[in-house]
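Please look at the chain from end to end before reading on. The paragraphs below lead from the overall fold to single residues.

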Amino acid sequence: MLFRSTFKLSSGGTSDFYIDGRVVTTRPDGLRAIAAAMLAVIRARNLLPPGTNLIGPAVSGIPIAAALALALDIPYIIDRGAAKQHGMGKRFEGTFSDNPACLVVDDLLTTGGAVLKSTEGLREIGKTVAHAVIVVDREEGGRENLARAGVEAHTLINRTELKAYLAKR
């Protein structure tokens with residue numbers, strides 16, 4: 001869902017529009033559409049070879065990773081963003097394969113903060129991240145920030161394309 005007003009973003013900036021990806025990913029039809037589009041990108045670019053770990057950052061990446069995992073019949077990993085302060089004290093939930101390669105999936109790319117945080121956490125435990133698949137690129141520097149960290153962003157749509165599409169409706 002797209003909302004127009006003035007919004008504060010998690011990156012600290014402000015925007016004249018807000019994309020609430022959770023409204024889409026909590027609906028079966030929306031989540032199916034995202035998963036299908038991401039699967040097409042993943043398959044076309046061979047971004048998830050056998051044994052690659054599929055990572056869903058909290059909160060918005062989790063349903064996307066779960067839908068992809070179901071479609072591909074593979075496990076996925078949840079990145080909590082920080083280690084729990086109770087129980088097993090884990091940051092990452094799920095079982096990693098022996099392969100260090102990881103693919104991060106998420107709903108929005110603004111400055112790249114969420115994907116970079118996951119990437120840094122994964123690299124700290126010996127994993128590698130070269131690619132991320134994201135639904136919407138807000139075109140606010142995220143793609144470039146990820147590239148500087150050695151992560152190529154693959155997005156389904158960007159802000160310019162989304163606004164052009166919505167202007168025609």
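Contact here means that heavy atoms lie within 4.5 Å. Helices (H or I, at least four residues) and strands (E, at least two) are DSSP runs, numbered from the N terminus. This is a predicted model, in which local features need pLDDT of at least 70 and side-chain atom pairs count only at pLDDT 80 or more, while totals for chains, interfaces and linings use all residues. Residues are numbered from 1 along each chain as its sequence is written, and side-chain values use heavy atoms, with hydrogens and water left out.

The chain contains 6 helices and 8 strands. Read from the N terminus, their order is β-β-α-α-β-α-β-β-β-α-β-α-β-α. Of the 169 residues in the chain, 41% are buried; buried means under 20% relative accessible area, exposed means over 50%, and partly exposed lies in between (1.4 Å probe, protein chains only). The accessible surface of the chain is about 9000 Å², and 55% of this surface belongs to carbon and sulfur atoms. Such areas come from the Shrake-Rupley method with a 1.4 Å probe, and for residues only the protein chains shown count as cover. Among the contacts in the chain with a separation of 6 or more, 57% are between residues 24 or more positions apart.

How do two of the helices meet? The axes of helix α2 (residues 28–44) and helix α3 (residues 61–72) come within 9 Å and cross at roughly 65°. Axes are lines fitted to C-alpha atoms, for helices over the stretch in contact, and angles run from 0 to 180 degrees between N-to-C directions. Angles under 35 degrees count as roughly parallel, over 145 as roughly antiparallel, 65 to 115 as roughly perpendicular and the rest as oblique. Helices α2 and α3 are therefore roughly perpendicular to each other. On the side of α2, the residues that meet α3 are Leu31, Ile34, Ala35, Met38, Leu39, Ile42 and Arg43; their partners in α3 are Pro63, Ile64, Ala67, Leu68, Ala71 and Leu72. By class, this contact has 12 nonpolar, no polar and 1 charged residues. In this scheme, Ala, Val, Leu, Ile, Met, Phe, Trp, Tyr, Cys and Pro count as nonpolar, Asp, Glu, Lys and Arg as charged, and the others, Gly among them, as polar.

The loop between α2 and β3 holds Leu48. At 15% relative accessibility, Leu48 counts as buried. Leaving out residues up to four places away in sequence, Leu48 touches Ile42, Leu72, Ile74 and Leu103. Asn46 is also in the loop between α2 and β3, but Asn46 counts as exposed, at 54% relative accessibility.

The backbone deserves attention as well. Most residues other than glycine have a negative phi, and most peptide bonds are trans. Asn46, which is not a glycine, has a positive phi near 50°. Asp73 likewise has a positive phi, of about 55°, although it is not a glycine. Asp73 lies in the loop between α3 and β4 (77–79), and at 71% relative accessibility Asp73 counts as exposed. The peptide bond from Ala58 to Val59 is cis, with omega near -5°; Val59 is found in the loop between β3 (53–57) and α3.

Finally, Thr155 lies in strand β8 (residues 152–158). Which residues are in contact with Thr155, leaving aside its neighbours within four places in sequence? They are Leu109, Ile134, Val135, Asp137 and Arg143.
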